[in-house]
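Let's take a walk through this model together, from the rules behind the numbers to a few spots in the backbone. Have your viewer open as we go.

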Amino acid sequence: MTTAAYIHLPFCRRRCFYCDFPITVVGESPTLRESLIQEYVAALCQEIAQTPAEPLPLQTIFFGGGTPSLVLPQYIGQLLEVLDRQIGIALGAEISMEMDPGTFDREQLQGYLKVGVNRVSLGVQAFDDELLRVCGRSHNVADVEGAVAMIDRAGVENWSMDLISGLPQQSLADWQFALERAIALNPPHLSIYDLIIEPKTVFSKRYQPEAAPLPTQEQAAAAYRLAHDMLTAAGYEHYEISNYALGGFACRHNQVYWRNQPYYGFGMGATSYLGHRRFSRPRTRREYYQWLQTLPAGLNQVNPDSLWDRWLETLMLGLRLKDGLSFTALAAEFPRSWVEALQAAAAKVSPERLCLTGDRLHLTQPEGFLVANHVIVTLWEALEGSVFHQQEGQPLPIH
């Protein structure tokens with residue numbers, strides 16, 4: 001049953017230099033922004049209203065972007081009302097919203113909380129004004145401190161902070177300073193992302209991966225280990241490759257993705273996973289509005305994942321979590337011969353990277369997490385020539 005929903009709000013004042021997300025740049029004009037947001041929210045409501053509801057209400061909702069905090073509380077409330085009317089929202093549902101420092105004030109934050117938002121994801125990225133400028137961010141460190149103070153005064157208990165390591169010209173000492181500042185602010189949750197140079201971004205035109213001023217692979221690994229050591233020493237659980245949480249504050253919504261469970265997706269560029277079908281919406285507003293005119297037929301244009309596809313996705317996503325995979329749970333969904341082949345393949349991987357602990361298979365911390373992609377590819381390659389794969393009759397994609 002589907003109990004999670006992602007809503008994409010694409011508006012940004014500018015595009016960050018590392019960003020390849022589907023966004024709409026609105027600059028600093030409140031009039032332009034308001035007009036575009038009104039039109040887009042109306043389209044979102046149309047899409048949600050045409051979604052066949054399942055029996056269970058939503059347990060998690062995530063407003064991502066873009067910069068959702070450019071959208072006023074009245075529109076967030078409107079979207080939540082439509083979601084509740086069409087699908088239902090459970091009491092105690094986790095309702096998260098991405099917010100950027102410098103894009104909201106105390107009154108606006110109170111407005112989000114009043115309409116139902118109860119978890120804030122704050123896009124900090126760095127604690128250095130020069131690094132923020134190099135990244136094309138529109139806020140500074142003073143904005144970060146002001147945003148955290150507002151969150152604290154508003155009594156928001158469940159909030160997260162995003163940081164990026166491996167930025168241009170960022171030394172290990174710079175990274176240690178950022179972690180120290182983050183820990184001092186005591187967010188219940190931290191997401192730590194290593195910079196990835198995506199095609200067609202400003203950074204892709206300026207830099208080559210692992211070439212100065214970007215860090216080498218060894219330097220990036222040192223930054224990852226440093227974050228793990230400092231944050232776990234401060235009481236955070238490293239519960240997913242890029243995520244840390246104090247007790248009880250792991251993100252419920254994102255765990256839906258990592259456990260390969262179904263979820264709704266709404267808005268331009270958003271992806272849904274319903275009935276073992278994955279499909280995404282167009283990445284521009286114009287194409288998204290045109291796509292809306294094809295509903296409900298447009299929702300049926302993607303073939304369902306095969307059992308083999310689901311097997312690969314489950315392995316890849318589940319191993320991102322500290323708890324890893326349960327062989328018992330895998331055997332309840334997939335052929336036992338596949339699970340036995342996985343156990344045999346896993347036994348050949350170094351225990352310094354991958355552990356078989358009772359019923360569970362999980363990566364070690366931090367070394368296994370560091371080489372997660374390599375371990376997963378190793379497992380896939382070991383499974384590729386097995387009998388069960390030959391019987392499935394499908395090529396095994398290696399990424």
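A residue is called buried here when its relative accessible area is under 20%, exposed when it is over 50%, and partly exposed in between (1.4 Å probe, protein chains only). What you are looking at is a predicted model, in which local features need pLDDT of at least 70 and side-chain atom pairs count only at pLDDT 80 or more, while totals for chains, interfaces and linings use all residues. Residues are numbered from 1 along each chain as its sequence is written, and side-chain values use heavy atoms, with hydrogens and water left out.

Let's begin with the cysteines. Cys-135 is buried, with a relative accessible area of 2%, and Cys-16 is buried as well, at 13%. In general, a disulfide is a covalent bond between the sulfur atoms of two cysteines. The rule used here asks for a pair of cysteine sulfur atoms within 2.5 Å. By that rule the count is zero disulfides. Cys-16 is in none, its nearest cysteine sulfur being that of Cys-19, 6.2 Å away. For Cys-135 the closest cysteine sulfur is in Cys-16, and the 7.6 Å between them is too far for a bond.

Now zoom out to the whole chain. The protein chain has 16 helices and 16 strands, taken as DSSP runs numbered from the N terminus (helices H or I, at least four residues; strands E, at least two). How does its radius of gyration compare with that of a compact globule? With 399 residues, such a globule would have a value near 21 Å, and the chain's 22 Å agrees; the radius is taken over C-alpha atoms, and the globule rule is 2.2 Å times the number of residues to the power 0.38. Along the principal axes, the C-alpha atoms fill a box of roughly 60 × 55 × 40 Å.

Of the 399 residues, 52% count as buried. Taking a contact as heavy atoms within 4.5 Å, residues 24 or more positions apart account for 70% of the contacts with a separation of 6 or more. The accessible surface comes to about 17900 Å², and 51% of it belongs to carbon and sulfur atoms; the areas come from the Shrake-Rupley method with a 1.4 Å probe, and for residues only the protein chains shown count as cover.

Next, visit Phe-249, in the loop between β10 (243–245) and α9 (252–258). Is Phe-249 buried or partly exposed? At 23% relative accessibility, Phe-249 counts as partly exposed. Leaving aside neighbours within four places in sequence, Phe-249 is in contact with Glu-157, Asn-158, Pro-188 and His-189.

Finally, a few backbone details. Most residues other than glycine have a negative phi, and most peptide bonds are trans. A cis peptide bond joins Gly-65 and Gly-66, with omega about 15°, and Gly-66 sits in the loop between β4 (58–65) and α2 (73–86). Another cis bond, with omega about -10°, joins Gln-365 and Pro-366; Pro-366 is found in the loop between β16 (360–363) and α14 (367–370).

Glu-210 has a positive phi of about 65° although it is not a glycine. Glu-210 lies between α7 (202–206) and α8 (217–233), in the loop, and is partly exposed at 47%. His-276 also has a positive phi, near 60°, in the loop between β12 (271–274) and β13 (277–280); at 35% relative accessibility, His-276 is partly exposed.
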